[in-house]
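Please keep the sequence and the structure in view while reading.

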Amino acid sequence: MAELNTGGKKATPRIDMTPMVDLMFLLVTFFILTTSISTPQAMDIAKPDKEDNLPENRLALKATKTMTVLLGKNDKVAWYMGEAGKSAPTIESFSQIENSINENRTKANASGVAGEFTVLVKPTSGSTFKNFVDMMDELEILKVKSRQIDDDNILDNEKAFMKERGIL
């Protein structure tokens with residue numbers, strides 16, 4: 001039997017993408033307009049006046065309830081409890097400081113001395129702004145209510161210790 005040749009080419013079916021594109025733009029517009037854009041949250045930092053002689057500018061801290069954290073270079077911190085020079089600072093990385101703050105707060109609260117646990121943060125010339133922000137965020141996460149910032153009064157023995165250990 002012979003085949004019948006109709007002679008024409010078959011037309012390829014076309015899909016009209018216009019409605020799908022319209023729907024996509026409607027969905028994108030809907031999601032853009034209905035999402036809430038988060039605003040950056042800033043932490044209020046109030047520093048005292050430079051007049052150290054005035055009694056209202058002096059803050060008395062309990063040595064047994066005060067932890068001093070010195071921010072150094074290479075994401076290292078040095079910390080000590082109490083007064084400077086009376087105990088050797090401990091050098092740790094930022095990942096370990098959370099445990100140290102919790103342990104020292106537990107010991108300070110168990111000491112029976114009245115007052116609030118205070119963390120005194122001293123950013124040094126070797127630290128970065130990122131380190132400072134990370135430390136303040138960590139204190140906020142750990143709910144340390146009393147925190148102080150002192151970038152003006154870094155003691156000579158603190159500087160010497162940090163230089164000796166290579167983190168300043």
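## Aromatic rings and helix packing

In this predicted model, phenylalanine 129 counts as exposed, because its relative accessibility is 64% and the cut-off for that label is over 50%. Phenylalanine 132, by contrast, is buried, with a relative accessible area of 13%, a value that falls under the 20% limit. Both of these residues belong to helix H3, which spans residues 129-141, and they stand three residues apart, or about one turn of the helix.

A pair of aromatic rings is described by how far apart the centres are and by the angle between the planes. Counted in this way, the structure holds two aromatic pairs. In one of them, phenylalanine 30 and phenylalanine 31 have ring planes at 65 degrees, so this pair is edge-to-face, since angles over 60 degrees receive that name. In the other, the planes of phenylalanine 129 and phenylalanine 132 stand at 40 degrees, so that pair is tilted. Phenylalanine 30 is itself partly exposed, with a relative accessible area of 46%. The table sets out the two pairs with their values.

| Ring pair | Distance of centres | Angle of planes | Kind of pair |
|---|---|---|---|
| Phenylalanine 30 and phenylalanine 31 | 5.3 Å | 65 degrees | edge-to-face |
| Phenylalanine 129 and phenylalanine 132 | 6.4 Å | 40 degrees | tilted |

Helix H3 also packs against helix H2, which covers residues 94-110, and here the axes lie 11 Å apart and form an angle of about 30 degrees. The two helices H2 and H3 are therefore roughly parallel to each other, because angles under 35 degrees count as such. The crossing of H2 with H3 is right-handed. On the side of H2 the contact is made by Phe94, Ile97, Glu98 and Ile101, while H3 contributes Asn131, Met135, Glu138 and Leu139.

Threonine 66 lies in strand E1, which runs over residues 66-71, and with a relative accessible area of 5% it is buried. Leaving aside residues up to four places away in sequence, threonine 66 touches Leu61, Tyr80, Met81, Gly82 and Thr118.

Finally, the whole chain can be considered. The protein chain has four helices and five strands, which follow one another from the N terminus in the order α-β-β-β-α-β-α-β-α. Of its 168 residues, 29% count as buried, and the accessible surface comes to about 12,600 Å², with 55% of it belonging to carbon and sulfur atoms. Among contacts between residues at least 6 apart in sequence, 63% join residues at least 24 apart.

Conventions: Residues numbered from 1 in each chain as written. Predicted model: local features only at pLDDT ≥ 70, side-chain atom pairs only at ≥ 80, totals over all residues. Heavy atoms only, no water. Buried < 20%, exposed > 50% of the residue type's maximum accessible area, 1.4 Å probe, protein only. Contact = heavy atoms within 4.5 Å. Areas by Shrake-Rupley, 256 points an atom, 1.4 Å probe, with all protein chains shown as cover. Phe/Tyr/Trp six-rings, centres within 6.5 Å; stacked < 30°, edge-to-face > 60°. Axes fitted to C-alpha atoms, helices over the stretch in contact; angles between N-to-C directions. Parallel < 35°, antiparallel > 145°, perpendicular 65-115°, else oblique. Left-handed = near helix turned anticlockwise from the far one by under 90°.
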